[in-house]
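The following note sets out points for a colleague who is examining this entry. Each point is meant to be read beside the coordinates.

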Amino acid sequence: LVYSDRGVWGSITGTSATIIATFVIFGSVLFSTGGGQTFIDAANALTGRATGGAAKLATISSALFGTVSGSAGANVATTGAFTIPMMKRLGYKKEFAAAVECSASSGGQIMPPVMGAGAFIMADLLGMPYLGIAAAAVLPAVMYYLGVFVAIDCAARRYHYKGLAEEDMVSLREVFYYKKSLPVFLPILLLIVFFISGYTAVTCASYALIAAIILFLAVEPKECKQRLHMLFDGFIASAKSMLTTLSLIACAQILVCLISVTGIGVKFSGLIMEIGGGHMFLAGLMAMIATMILGMGMPTVAAYVLAASVIAPALVRVGVVPVAAHFFVFYYAIFAGLTPPVCGTVFIGAAMAESNWLKTAWDAIRISIGAFVVPFMFLFSPALLLVGSTAEIIRCSVTCFVGMVALAGGGMGYLVRTLKMWERIILAAIGLLLIVPTVATDIIGVVGTVLAIIYLRASRKRTL
């Protein structure tokens, strides 16, 4: 464990010491120099006036924050300090306010260009460039946030949650004023450009970090001394963030070594195969339960590493594409933070909102329902991960979005109008049908959703 490259000093630890550390420094510097507030202001300008504007603001700002932080807990603590009190002040239920922030923040770990630390480890385990992992994650992440957005809109219309007051609004001109926007958005843009150009992840993050520092100092040269202190605070924050991450990954590396040496990984994989009977859905169900149990008691990185070592291989043996198997367990390792009895992300949000944590967890699951359903689409068709023809990718994206709308309406109890229980069940069933990417289920699911909307519109007019 100590003297070989399979123990503490294995490839996962190496990834943490190089790639992950560089991105943590970049993210900390970006936020210590005002990036977090800029993201919140941008979301405010885009969605503040809409129905449920404060909740939609929380969703967009958390997604933007998550693109460079990669930590659900840090995301909730940072953006939630602003968004949760705002939602409560506007009359939102405190459980709903905390649930929105927890759901949106959890998605940050699946949102490119900078995902959670587990994504860098995934690239190492699969032998893929990080750009390939980030590209594969784009569509599922977009679909997840669209589902969250639709769920919030349904809840806001049902409970009459309004947008922000005019005095709380921020103008787009203020957001994109060059002194405020350049040090935040240009480094992220450079990061994406360097990724696409084929540079290594460390090189991309290093160039983006240098650009962020130079721009931050250059836009206000008269405040150079004060800004140097802010940069120093950012580097200190990054060092503190890495202390926890490094210890977790070192321990995870030891566990991976022991799993390999003892053969328990092969046995566990065989157990899933035996219980699932070689059936992809049953094997996926077993893998989901096992991964979420791991994720309830561990941080995402450790839960994913263990799941990738013992559970993903079982899915591959059933016939799942390797990248789809890893994304499957990665999703459940992340969103286990929303499911009782141990739901770390919800605990943070509920404490900040002073809400009942169990009710908060239930609301968060309903808002994030897509995260618990979409991974099964990876098993049956990896087209959503950009594995397949263009036609398959488009079809899978369309049916996935329609499924998100149906599930959001059924989960929140509103679509066009407030739904009765039997209507919610039918909508949820239609959404679940779209998991299996066959022509028959796609047609039934899409047609069923359209007919449901027509029926609800007609019945609403009759009641009016």
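Throughout this note, a residue is called buried under 20% relative accessible area, exposed over 50%, and partly exposed in between. The model is a predicted one.

1. Arg395 and Asp442. By that scale Arg395 is partly exposed, because its relative accessible area is 36%. Its salt-bridge partner is Asp442, with the closest N and O atoms 3.0 Å apart. Arg395 belongs to helix H20 (residues 390-412) and Asp442 to helix H22 (residues 439-463), so the pair ties together parts that are 47 residues apart in sequence. Asp442, at 5% relative accessibility, is buried.

2. Val402 and its surroundings. Helix H20 also holds Val402, a buried residue with a relative accessible area of 16%. Setting aside neighbours within four places in sequence, the contacts of Val402 are with Leu434, Gly445, Val446 and Thr449. The C-alpha atom of Val402 is separated by 9.1 Å from that of Val450, a residue 48 places away along the chain.

3. Asp41 and Lys180. Which side chain meets that of Asp41 in a salt bridge? The partner is Lys180, at 2.3 Å from N to O. Asp41 is buried, at 7% relative accessible area, whereas Lys180 is partly exposed, at 23%.

4. Other salt bridges. The search of the whole structure finds eight salt bridges. One of them joins the side chains of Glu423 and Arg417, at 2.6 Å from N to O. Glu423 is buried, with 5% relative accessibility, and Arg417 is buried as well, with 14%. Elsewhere, salt bridges that share partners connect Lys56, Asp153 and Arg157 in one network.

5. The nonpolar core. The largest nonpolar core contains 145 residues. Those with the most contacts inside this core are Phe96, Tyr304, Leu315, Phe327, Phe328, Phe330 and Phe335. Helix H7 (residues 130-159) gives the most to the core, namely 17 residues. For Phe330, contacts beyond four places in sequence are made with Gln109, Ile110, Met115, Gly118, Ala119, Met122, Thr300 and Tyr304.

6. Helix H19. How many of the 12 residues of helix H19 (residues 369-380) are buried? The count is 10, so the helix is largely enclosed by the rest of the structure. The buried residues of H19 are Gly370, Ala371, Phe372, Val373, Val374, Pro375, Phe376, Met377, Phe378 and Leu379.

7. Cysteines. The structure has zero disulfides. The sulfur of Cys102 lies 8.5 Å from the closest cysteine sulfur, that of Cys343, which is too far for a bond. A disulfide would need the two sulfur atoms within 2.5 Å. Cys102 is buried, with a relative accessible area of 0%, and Cys343 is likewise buried, with 0%.

8. A nonpolar surface patch. Leu1, Val2, Tyr3, Trp9, Leu255 and Leu258 make a nonpolar surface patch of about 710 Å². Trp9 is placed in the segment before helix H1 (11-32) and is exposed, at 58% relative accessibility.

9. Backbone geometry. Most residues other than glycine have a negative phi, and most peptide bonds are trans. The peptide bond from Pro340 to Pro341 is cis, with omega near 10 degrees. Pro341 is in the loop between helix H16 (322-335) and helix H17 (344-353). Two residues other than glycine can also be noted for a positive phi: His160, near 60 degrees, and Val416, near 75 degrees. His160 is placed in the loop between H7 and helix H8 (172-175) and is exposed, at 66% relative accessibility. Val416 lies in the loop between strand E1 (414-415) and strand E2 (417-418) and is buried, with a relative accessible area of 16%.

Conventions:
Residues are numbered from 1 along each chain as its sequence is written. This is a predicted model: local features need pLDDT of at least 70, side-chain atom pairs count only at pLDDT 80 or more; totals for chains, interfaces and linings use all residues. Side-chain values use heavy atoms; hydrogens and water are left out. A nonpolar core is a set of buried Ala, Val, Leu, Ile, Met, Phe, Trp, Tyr and Cys residues joined through side-chain atoms within 4.5 Å. Buried means under 20% relative accessible area, exposed over 50%, partly exposed in between (1.4 Å probe, protein chains only). Helices (H or I, at least four residues) and strands (E, at least two) are DSSP runs, numbered from the N terminus. Contact means heavy atoms within 4.5 Å. Patches are made of residues with over 30% relative accessible area and no salt bridge: like charges are joined within 9 Å, nonpolar side chains (Val, Leu, Ile, Met, Phe, Trp, Tyr) within 5 Å. Accessible areas come from the Shrake-Rupley method with a 1.4 Å probe; for residues, only the protein chains shown count as cover. A salt bridge is a side-chain nitrogen of Lys or Arg within 4 Å of a carboxyl oxygen of Asp or Glu.
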